[in-house]
Amino acid sequence: AITPKDAVEAYTWSELSEISKEIGDAADESAAIEVAKKYNLVTKDGKLDGTQTKTLTLTNGETATVQIAGFSHDDKTSGGKAGITFVFKDCVEWHAMNPRSTNTGGWENSSMRSYLASDVMKLMPDDLKAVIVPVEKLTNNTGQANSVSSVTKTSDALWLLSPVEVCGTISRYSGSDAIYNDIFNAEGSEYKLFHDMSVRPTELNAFLVKSFKGTSIPWWMRSPDPSRSDSFCDVYADGNPSHRNVASNLYGIAPGFCI
């Protein structure tokens with residue numbers, strides 16, 4: 001068994017991977033939180049407040065900080081729950097979702113997804129790469145869509161967040177457009193970190209402000225805007241999570257991953 005330490009930063013990735021297995025084997029979320037408490041991966045009252053962080057040295061020499069986003073949240077492609085999900089606190093790179101302004105094929109066929117799997121994965125230090133596990137992500141992989149059947153699974157080691165994973169239940173559309181809520185809400189569920197930090201779908205939240213090379217910039221989410229053929233969702237530089245823009249824009253990348 002791993003000896004409990006006082007902070008996430010104090011553990012090696014190998015140790016965190018062992019703890020993650022223990023969390024993933026817990027009976028339910030409350031049991032998972034108890035395991036996380038034992039290892040000081042949450043606050044004393046079992047919350048995530050953004051301070052549960054670990055520093056990485058990327059292969060390009062830059063440093064980056066990752067935060068625990070949730071426990072037993074994601075399904076491993078190999079079966080069972082991934083015990084710990086992390087997300088980058090700030091942007092590690094910037095890139096377009098696609099070279100042209102189209103969202104056809106959604107996340108699955110986006111140039112961003114290939115870029116994360118190749119170039120961005122190469123930035124990850126070897127000790128982290130050794131413990132990352134691919135998970136199943138649900139996304140509208142059609143693009144412009146008017147049916148929840150557009151939401152399908154991909155297996156990803158690095159991925160961008162979806163609006164529902166960041167904000168919780170989306171309800172901004174009404175009338176004949178209400179189907180767009182259903183499509184967004186089929187793309188996962190809110191991570192504990194964002195829930196505990198009171199992130200809401202249509203409110204600015206300072207916790208969502210991310211920077212790249214010292215400047216706050218918009219950052220991409222993986223979900224196409226189903227009401228349009230050219231756009232993906234993003235969080236704006238001011239922390240507004242209900243934004244969307246054309247796929248060819250160069251915006252920040254703050255990936256998630258599981259161990």
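How many aromatic pairs does the count come to? In this predicted model, the count comes to 12 aromatic pairs. A pair of aromatic rings is described by the distance of the centres and the angle of the planes.

One of these pairs is formed by F194 and F207, whose ring centres are 6.2 Å apart and whose planes stand at 65°, an edge-to-face arrangement.

A second pair to look at is that of W220 and F232. Its ring centres lie 6.4 Å apart and its planes meet at 80°, so this pair is edge-to-face, the class for angles over 60 degrees. Here too, distant parts of the chain are linked: W220 sits in strand β9 (residues 219–224) and F232 in strand β10 (residues 231–235), 12 residues apart. W220 counts as buried because its relative accessibility is 1%. F232, with a relative accessible area of 0%, is buried as well.

Aromatic residues also gather in a group. W13, F86, F88 and F257 form one aromatic cluster.

Charged side chains are placed over rings at two further sites. K137 lies over the face of W159, 3.9 Å from the ring centre. The ring of F184 has the charged end of R172 over it, at 5.8 Å from the centre of that ring.

K137 leads on to the pockets, as this lysine is among the residues that line the second largest pocket. That pocket has a volume of about 160 Å³. Its lining includes H73, D74 and D75, then E136, K137 and L138, and also K153, E165, E187, G188, S189 and R222. Strands β2 and β5 (135–140) are the elements that give two or more residues to this lining. By class, the lining of the second largest pocket holds 8 charged residues, 3 polar and 1 nonpolar.

The largest pocket holds about 240 Å³ of space. Its lining is made up of 15 residues, and those closest to the pocket centre are E62, T63, C91, V92 and F212. The elements that give two or more residues to this lining are β2 (63–75) and β7. Of these, β2 provides the largest share, with 3 residues. What is the make-up of this lining in nonpolar, polar and charged residues? The residues divide into 6 nonpolar, 4 polar and 5 charged.

The secondary structure of the protein chain comes to 7 helices and 13 strands. The radius of gyration is 17 Å, close to the 18 Å given by the globule rule for 259 residues, so the chain is as compact as a globular protein of that length. Along the principal axes, the C-alpha atoms fill a box of roughly 55 × 40 × 35 Å.

Notes: Residues numbered from 1 in each chain as written. Predicted model: local features only at pLDDT ≥ 70, side-chain atom pairs only at ≥ 80, totals over all residues. Heavy atoms only, no water. Phe/Tyr/Trp six-rings, centres within 6.5 Å; stacked < 30°, edge-to-face > 60°. Helix = DSSP H or I, 4+ residues; strand = E, 2+ residues; numbered from the N terminus. Buried < 20%, exposed > 50% of the residue type's maximum accessible area, 1.4 Å probe, protein only. Lys NZ or Arg CZ within 6 Å of the ring centre and 35° of its normal. 1 Å grid on protein atoms, 1.4 Å probe; cavity = no way out; pocket = protein on both sides within 12 Å on 5 of 7 lines; lining within 4 Å. Points joined across faces, edges and corners; volume = space filled by probe spheres on them. Nonpolar A, V, L, I, M, F, W, Y, C, P; charged D, E, K, R; others polar. Rg over C-alpha atoms; globule rule 2.2 N^0.38 Å.
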